[in-house]
Amino acid sequence: MVLELAARTSAVTRTVLIGQAPDYRHATFPPGHGLLVAPGVSTALRSLAASPVVASALRRTSLHRTRADFAATSPRMARVVLTERRQQLAERPLDKQLRVPTLVILGSRDRLYDPVSTAARYRAAGARVAVLPGAGHSPFASHPARVAELLASWALGRTG
């Protein structure tokens, strides 16, 4: 949305993207993610995934993070992210929409988007890219102070 606004008005002189790949070409979604948008199935899975018994049973397994993703994702948000957003980005990748100087903040441990290929694509499009060591898909949540520093520096016109 901000990239579209930047393309339409000179009032937007800089943009920031956080934890978002240009498209889903190199995305790795949790196993079974398609079930999050299956009618009827998604509600049942969310309820089951939110159960403390299921959380405890899966705590030490590879399914623990998948369970947490299912429990935290509403059916509407799943549909937007997994269906609508996928189509939008396939048609108009974000790296092709950059019209003003853009800062991209990524996490080095993002489980959804490969940070190496994502950073390379944005750099090729002319963006400044900051990959935060140890951060995951939501660097603003895991590294808020560092993200705030980057945003403040970017807002003041500094690139470092």
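Reader: Quick one to start: how many residues apart are arginine 146 and glutamate 149 in helix 8, and what does that come to in helical turns?

Author: Arginine 146 and glutamate 149 sit 3 residues apart in helix 8 (residues 144–155), which means about one helical turn separates them. Helices here are DSSP runs of H or I with at least four residues, strands are runs of E with at least two, and both are numbered from the N terminus. Before we go on: this is a predicted model, where local features need pLDDT of at least 70, side-chain atom pairs count only at pLDDT 80 or more, and totals for chains, interfaces and linings use all residues. Residues are numbered from 1 along each chain as its sequence is written, and side-chain values use heavy atoms, with hydrogens and water left out.

Reader: Got it. What do the side chains of arginine 146 and glutamate 149 meet in?

Author: A salt bridge, at 3.1 Å from N to O. The cut-off is a side-chain nitrogen of Lys or Arg within 4 Å of a carboxyl oxygen of Asp or Glu.

Reader: Which residues do salt bridges with shared partners join into one network?

Author: Asp23, Arg25, Asp95 and Arg121. Within that group, the side chains of arginine 121 and aspartate 95 meet at 3.1 Å, N to O. Arginine 121 lies in helix 6 and aspartate 95 in the loop between helix 5 and strand 2, so the pair ties together parts 26 residues apart in sequence. Arginine 121 is buried at 16% relative accessible area, and aspartate 95 is buried at 9%.

Reader: How many salt bridges does the structure hold?

Author: The structure holds 5. Another one of them joins glutamate 4 and arginine 92, at 3.4 Å from N to O. That pair links distant parts of the chain, 88 residues apart: glutamate 4 belongs to helix 1 (residues 2–8), and arginine 92 to the loop between helix 5 (75–91) and strand 2. Glutamate 4 is partly exposed at 33%, as is arginine 92 at 41%.

Reader: How many bridges join strand 1 to strand 2?

Author: There are 4, with strand 2 covering residues 102–107. Isoleucine 18 has isoleucine 105 as its bridge partner there. Strand 2 is joined to strand 3 by 5 bridges, and glycine 107 stands opposite leucine 132 in strand 3.

Reader: Last one: how many helices and strands does the protein have?

Author: The protein has 8 helices and 3 strands, following the pattern α-β-α-α-α-α-β-α-β-α-α along the sequence.

Note on methods: Two strands pair if DSSP finds at least two bridges between them. Buried means under 20% relative accessible area, exposed over 50%, partly exposed in between (1.4 Å probe, protein chains only).
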